[in-house]
Amino acid sequence: MSISLSGTTLATTDCPAQFHNLPLAANARYCQQFNDKMPATLSYFAPQSPQQVLAFYRAQFSDAQFSQSKDQQILEDPARHWVLVISNDGQGSQVDILVKQ
C-alpha cells in the first residue's frame, strides 16, 4: 500500500532489510518511506530499547558521530551522507533515517 502526499509517495509496505545501504534493526515494522527523491527518509518501529538499537548501529558504523538531544540518540555519518535518530517509543524505539546523498 502507498499513499501520495503532495507528490511524495509514502509507502507503508513491509520493511526492507536495508534503506540506501543502511541496515534496519531486527524485527523492524511500521515502515514509512519517503523515497521518491533525495533527501530520502524512512521511519520505523523496532521492538528493542533505544539503547539496544543504538548499540546495533554503533557496531555497524563505529566511525559514526554520536550526540544526544533530550530523549533522542543521534548518529551521523562522518561524511554527512546520513543521519539516524533513535527515540523511545513505548515498548521499543522509533528510528528515523535521513539519507542526504
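His-20 sits in the loop between β3 and β4 (22-23); strands here are DSSP runs of E with at least two residues, helices are runs of H or I with at least four, and both are numbered from the N terminus. His-20 has a positive phi of about 50° although it is not a glycine. Most residues other than glycine have a negative phi, and most peptide bonds are trans. At a relative accessible area of 35%, His-20 is partly exposed (buried means under 20%, exposed over 50%, partly exposed in between, with a 1.4 Å probe and protein chains only). Lys-70 is another non-glycine residue with a positive phi, near 55°. You'll find Lys-70 in the loop between β7 (65-69) and β8, and it is exposed, with a relative accessible area of 77%. As for peptide bonds, the one from Met-38 to Pro-39 is cis, with omega near 0°, and Pro-39 lies in the loop between β5 and β6.

Before going on, a word on what you're looking at. This is a predicted model, in which local features need pLDDT of at least 70 and side-chain atom pairs count only at pLDDT 80 or more, while totals for chains, interfaces and linings use all residues. Residues are numbered from 1 along each chain as its sequence is written, and side-chain values use heavy atoms, with hydrogens and water left out. The pLDDT, the predictor's confidence in each residue from 0 to 100, averages 88 over the chain, and 87% of the residues score at least 70. Over residues 1-12, though, the pLDDT is below 50, and this stretch has 28 contacts in the model beyond near neighbours in sequence (contact means heavy atoms within 4.5 Å).

Now for the cross-link. A search of the whole structure turns up one disulfide, that is, a pair of cysteine sulfur atoms within 2.5 Å. Cys-15 is joined to Cys-31, S to S 1.9 Å. The torsion about their S-S bond is about 115°, so the disulfide is right-handed. Cys-15 is in the loop between β2 (8-11) and β3 (18-19) and Cys-31 is in strand β5 (residues 29-34), so the pair links distant parts of the chain, 16 residues apart.

On to the packing. The largest nonpolar core has 21 residues, and Tyr-44, Tyr-57, Trp-82 and Ile-97 touch the most other members. Such a core is a set of buried Ala, Val, Leu, Ile, Met, Phe, Trp, Tyr and Cys residues joined through side-chain atoms within 4.5 Å. At least two residues each come from β6 (40-46), α1 (50-60), β9 (82-89) and β10, with β6 giving the largest share, four residues. Leaving aside neighbours within four places in sequence, Tyr-44 is in contact with residues including Leu-24, Cys-31, Tyr-57 and Ile-97.

Finally, the charges. Side chains of opposite charge can pair when their charged atoms come close. The whole structure has two salt bridges (a side-chain nitrogen of Lys or Arg within 4 Å of a carboxyl oxygen of Asp or Glu). Glu-76 pairs with Arg-80, with closest N and O atoms 3.0 Å apart, and with Lys-100, at 3.3 Å. Glu-76 lies in strand β8 (residues 72-76) and Lys-100 in the segment after β10 (92-99), so this pair ties together parts 24 residues apart in sequence. Shared partners join Glu-76, Arg-80 and Lys-100 into one network. Within it, Glu-76 is buried at 15%, while Arg-80 is partly exposed at 46% and Lys-100 is partly exposed at 34%.
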